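Work through the exercises below with the coordinates open beside the text, and try each task before reading its solution.

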Amino acid sequence: PGTVMRAVNHFLKRHAPDACIAACVRVDPARFHARFSATGRPYHYRMHVSPEAPDIFERGRVWHVAANNGTGIISEGGGGGGGGDG
């Protein structure tokens, strides 16, 4: 755990100077199950709204919406054709 903590803090020092990890804990594998012990699961959706395709680092990580601007998509309630409830 100490090695992970130092590595993450080194990363945070460059990207989020106000954040740091103060402690790490070990999890008892006999009492923890990734699926059944979870208390929640966050979802993050990223959209790239532009007529141009996303750059090479974003491809496969964003939903590309080839629109002139994002206002039309927002005003339509998200029903711009990507599946889902909109």
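This is a predicted model: local features need pLDDT of at least 70, side-chain atom pairs count only at pLDDT 80 or more; totals for chains, interfaces and linings use all residues.

**Exercise 1. Describe the order of the elements in the chain and how much of the chain is buried.**

The chain has two helices and two strands, and from the N terminus on these elements run α-β-β-α. Of its 86 residues, 8% count as buried.

**Exercise 2. Compare the span of H1 with the expected one, then decide whether H1 lies largely buried or in the open.**

H1 has 14 residues and reaches 20 Å from its first C-alpha to its last, which is close to the 20 Å expected at 1.5 Å a residue. Turning to burial, the number of buried residues among the 14 of H1 is one, so this helix lies largely in the open. Val 4 is placed in helix H1 and, with a relative accessibility of 52%, counts as exposed. The C-alpha atoms of Val 4 and Cys 24 are 8.4 Å apart in space, although the two residues are 20 residues apart in sequence.

**Exercise 3. Identify the residues of the nonpolar surface patch and give their accessible area.**

The patch is formed by Met 47, Val 49 and Trp 63, which together have about 260 Å² of accessible area. Membership requires over 30% relative accessible area, so the individual values are worth checking. Met 47, which lies in strand S1, has a relative accessible area of 43% and is partly exposed. Trp 63, which belongs to strand S2, is partly exposed at 37% relative accessibility. As a further step, consider Met 47 and Val 62: they are 15 residues apart along the chain, and their C-alpha atoms are separated by 5.3 Å.

**Exercise 4. Search the whole structure for aromatic pairs and classify what is found.**

The search finds one aromatic pair. The rings of Tyr 43 and Tyr 45 have their centres 6.4 Å apart and their planes at 10°, and the pair is therefore stacked, given that planes under 30 degrees apart count as stacked. As for accessibility, Tyr 43 is exposed, with a relative accessible area of 53%, and Tyr 45 is exposed as well, at 73%.

**Exercise 5. Determine whether Ser 50 is buried or exposed, and find a polar contact of its side chain.**

Ser 50 lies in the loop between S1 and S2. Its relative accessible area is 11%, so Ser 50 is buried. A polar contact of 3.0 Å joins the side chains of Ser 50 and Glu 52.

Terms used:
Residues are numbered from 1 along each chain as its sequence is written. Side-chain values use heavy atoms; hydrogens and water are left out. Patches are made of residues with over 30% relative accessible area and no salt bridge: like charges are joined within 9 Å, nonpolar side chains (Val, Leu, Ile, Met, Phe, Trp, Tyr) within 5 Å. Accessible areas come from the Shrake-Rupley method with a 1.4 Å probe; for residues, only the protein chains shown count as cover. A salt bridge is a side-chain nitrogen of Lys or Arg within 4 Å of a carboxyl oxygen of Asp or Glu. Helices (H or I, at least four residues) and strands (E, at least two) are DSSP runs, numbered from the N terminus. Buried means under 20% relative accessible area, exposed over 50%, partly exposed in between (1.4 Å probe, protein chains only). The expected span of a helix is 1.5 Å times one less than its number of residues. Rings of Phe, Tyr and Trp (its six-membered ring) pair if their centres lie within 6.5 Å; planes under 30 degrees apart count as stacked, over 60 as edge-to-face and the rest as tilted. A polar contact is a pair of N or O atoms within 3.5 Å; within protein, one must be able to donate a hydrogen and the other to accept it, and residues adjacent in sequence count only if both atoms are side-chain atoms.
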